[in-house]
Amino acid sequence: MRLRTTLNNLHLILLLLPFLSLLPLLHSSSDRNLVEQTCHLTPFYDICLSALRSSPTSASSDLHGLAQIIAGSVLQNANQTLSQIQQLLDRSTADPKTEQSLAYCAELYIPVVKYTLPQAIDALSRGRLGFAVYGISDAVDEIGGCQKLLSLESPVSEGNKLVTSLATVALAIIKLLQKGFF
Amino acid sequence: MDDATSKSFDHPYTVLGEDPSLVIPPAESRQRPTKVYFWILTSTVFLLSLAGLIVRENPNRAENSIPAAGTAIPESSQDNVRFLPVGEAEGVSAKSYPSTRGRLSFNWTAADFAWQRTSYHFQPEKNWMNDPDGPLFHLGWYHLFYQYNPDSAIWGNITWGHAVSRDMIHWLYLPLAMVPDHWYDIDGVWTGSATILPNGTIIVLYTGDTNEAVQVQNLAYPSNLSDPLLLDWVKYSDNPVITPPTGIETDEFRDPTTAWTGPNGTWYVLVGSRLNTTIGVALVYETLDFKNYTLLDHPLHTVDGTGMWECIDFYPISTNSSVGLDNSATGPEVKHVLKASLDNLKLDYYAIGTYDEGNVTWTPDDPEMDVGIGLQVDYGRYYASKTFYDQNKGRRILWGWVNETDADYDDLAKGWASVQTIPRVVTYDSLTGTNILQWPVEEIESLRLNSTEFEDVFVEAGSLVPLDIGNATQLDISVEFEIESTQALEESMLGETESQLECSVADNRTTLGPFGLAVLADESLSELTPIFFRLAKSNGSLKTLFCVDETRSSKATEVFKEIYGTVVPVLDGEKFTMRILVDHSIVESFAQAGRRVITSRVYPTEAIFDKAKLFLFNNATDLNVTAAIKIWQMNSADIHPFPLY
């Protein structure tokens, strides 16, 4: 009889075990779900997830906070891409045509990182969502102008694509905010 | 569509009209023998009695015309009520033409009025606009403020409208920047300028018309300098900062300029006025903090006989480079332009001269071409122009207000009035040394769609060449003419006879002109706006006139149809060149790379939509020309409200 009770207790514990292991998940499941839920509603789930998870505050952010994190990531990557362009220009090992394209790209990027994106981020923080959309869309257009001039093998292409993808994610999230989602 | 199509014409001309010597036919002439009179009389009597019956059946005769929007004022009562043009009673220049009041309005349709709206020039969505104010560049945005009436399509209740753009072409409307809400501007927040201080602070000085119709100068500044849109403005708590000094009429004291630096941290500002009613004057005020001002005991400059100077502008210009200069720049290779809008003539005049920093005075290079008696900024429908230093791209940019030339009841009916020119870059003309050059900002090229190019088009004396380009209401045209050396030309150069130096109408054929383009012309040329060169010998040398003839631009009788023109210097070896921006009811024409400019407003009734065409013409009797022309279709600038939220 005693063995049976022990076995019954063991059964109980074994039954409960998987649920117990889920406890830590249950604790912050709503926040993790928000990140995932949100990223599912953007065109680039992986990029969105990666950008948000790399921020320590994303787990406890609301939708507006997530938009700000992504927007910050757009600016950060745009800055990095601009640095990359400037480094390539400094080395000046490229042929004149490529140099000209790079110089033009730099000219497009500079006002984007100096004015357009910082203003969009500021607008976002003030709730001027339309202004934020306008600015980020403008940045996408400018970067598109740069990408058109470069060959596909250009090292800058990767940066352009990442910034554009992140910007597209940012726009999708802001549009959710505008529609009053969550 | 092809980007550029090159065509050359061997036999281009088509002669119109019965008389082969008349290329652009004059308005039809009528013949009236007595027999016809009798017939007309009897049939009129018959028809009138018939009409009497019909009218009773159809009380609504005016099916095609638009009832006046907003304040619908019947014409007859207006004749009794308004004696002065709008604005004059308040003490600013006339903003309307009551003399057209007696004329019957054309039966404009809604589509006609809609066509008149420009596609790529700045204008508010509706209502009245006049002087551009406080243009500036800040944190990535170009700002334009403008005199605006939020309540009507005629002048009144003046506020500062506001718009921003990244490129001075694609504008976004913002909420009003300033409204008349204090005793010192309750009668109108009038014209003013912005000054950007070295530390980035922006201050605005503007004229306020007080509750007693006294013109005072007030200080305002952005409430938040880090707001790139500069949405909110604060008026200094101790306004006004400048009131009319003794001896100056209280309603002839206005339009403070951008400030420039003097010695020891002082700043100077000009306010326009007049002395003894006939002497135009630029009064100088000195300040350290923009709050307290001292009037200098002598003006910057005066010119007898020019009357009240409105919208004074004063700025340095480099004589050895095309780079723009900040308002405080000085140096050996720097001259200063002084400009005034003459209230008496409704024209903008300027002169190039030298600024004496020590005395704070300015002297024109050529006293015979002084402000108000020499060169005009623009020889067409143009007023209240103002420049600013664009520190973003290192340029001096010029704005100019272009009023309507239709009747103000047309404006009320269509619900809007006035546009701004495309902003122009201003540089010194080092080839002539006597004038500035104005050129549309290069950002306008972003509107160019497809282009059509014609080279070596031989335009014989007395010929007309239709240019098949499709839509002809939104265009950017560049054309070059080369004249053939003919006997007539030689004789003109050597001979004794001098011709009258006047534009006259395009169908007035003289030996050496006119030749040019006819814009907004319909197929049958019942309406057209010729823009041309006319050569004539005067004072012993061959002169070139640059002209715009509006006399046949429209069949409507209540619109103004002027002939604008000026002599333009054409130097040895230069071709005759024009750049023309066509944008519905506004045409901006630049001769010799911007040496002279003519802005005009036209309201065709037939030559609109797809009926508008473009022609090359040569109406000279004894001069052949060859033209090279490139025409771009222009996109809309899609000016719309800023999507803030």
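**Note on the predicted two-chain model**

1. In this predicted model, two helices of chain A, α5 (96-125) and α6 (129-149), each give at least two residues to the lining of the largest pocket. Of these, α5(A) supplies the largest share of that lining, nine residues.

2. The space in this largest pocket comes to about 1100 Å³. Its lining counts 26 residues. Both chains are represented among those nearest the centre: A:Leu108, A:Asp138 and A:Glu142 from chain A, with B:Arg166 and B:Asp167 from chain B. By sequence position, A:Leu108 falls within the 96-125 range of α5(A), and A:Asp138 and A:Glu142 fall within the 129-149 range of α6(A).

3. Turn to the contact between the chains. Chain A brings 13 residues to it and chain B brings 16. Together they bury about 1200 Å², with 55% of that on carbon and sulfur atoms. On the chain B side, three residues stand out: B:Arg166, B:Leu644 and B:Tyr645 supply 38% of the area that chain B buries against chain A, more than any other three residues. Note that B:Arg166 is also one of the residues nearest the centre of the largest pocket.

4. How many salt bridges link chain B and chain A? The count is two. A:Arg128 pairs with B:Asp227 in a salt bridge, and the closest N and O atoms are 3.2 Å apart.

5. Some backbone geometry in chain B deserves a look. Most peptide bonds are trans. One runs from B:Asn239 to B:Pro240, with omega near 0 degrees. B:Pro240 sits in the loop between β9 (233-235) and β10 (253-254) of chain B. The other joins B:Gly513 and B:Pro514, where omega is about -5 degrees. B:Pro514 belongs to the loop between α5 (487-494) and β30 (515-521) of chain B.

6. Most residues other than glycine have a negative phi. B:Leu230 has a positive one, near 45 degrees. This leucine, B:Leu230, is placed in the loop between β8 (215-222) and β9 of chain B.

Definitions and conventions:
Residues are numbered from 1 along each chain as its sequence is written. Chains are lettered from A and ligands numbered from 1 in the order in which they are written. This is a predicted model: local features need pLDDT of at least 70, side-chain atom pairs count only at pLDDT 80 or more; totals for chains, interfaces and linings use all residues. Side-chain values use heavy atoms; hydrogens and water are left out. On a 1 Å grid over the protein atoms alone, a cavity is a set of points where a 1.4 Å probe fits but cannot get out, and a pocket is an open set with protein on both sides within 12 Å along at least five of seven lines; lining residues have an atom within 4 Å of a point. Grid points are joined across faces, edges and corners, and a volume is the space filled by probe spheres set on the points. Helices (H or I, at least four residues) and strands (E, at least two) are DSSP runs, numbered from the N terminus. Contact means heavy atoms within 4.5 Å. Buried area is the accessible area (1.4 Å probe) that two parts lose on being put together, summed over both. A salt bridge is a side-chain nitrogen of Lys or Arg within 4 Å of a carboxyl oxygen of Asp or Glu.
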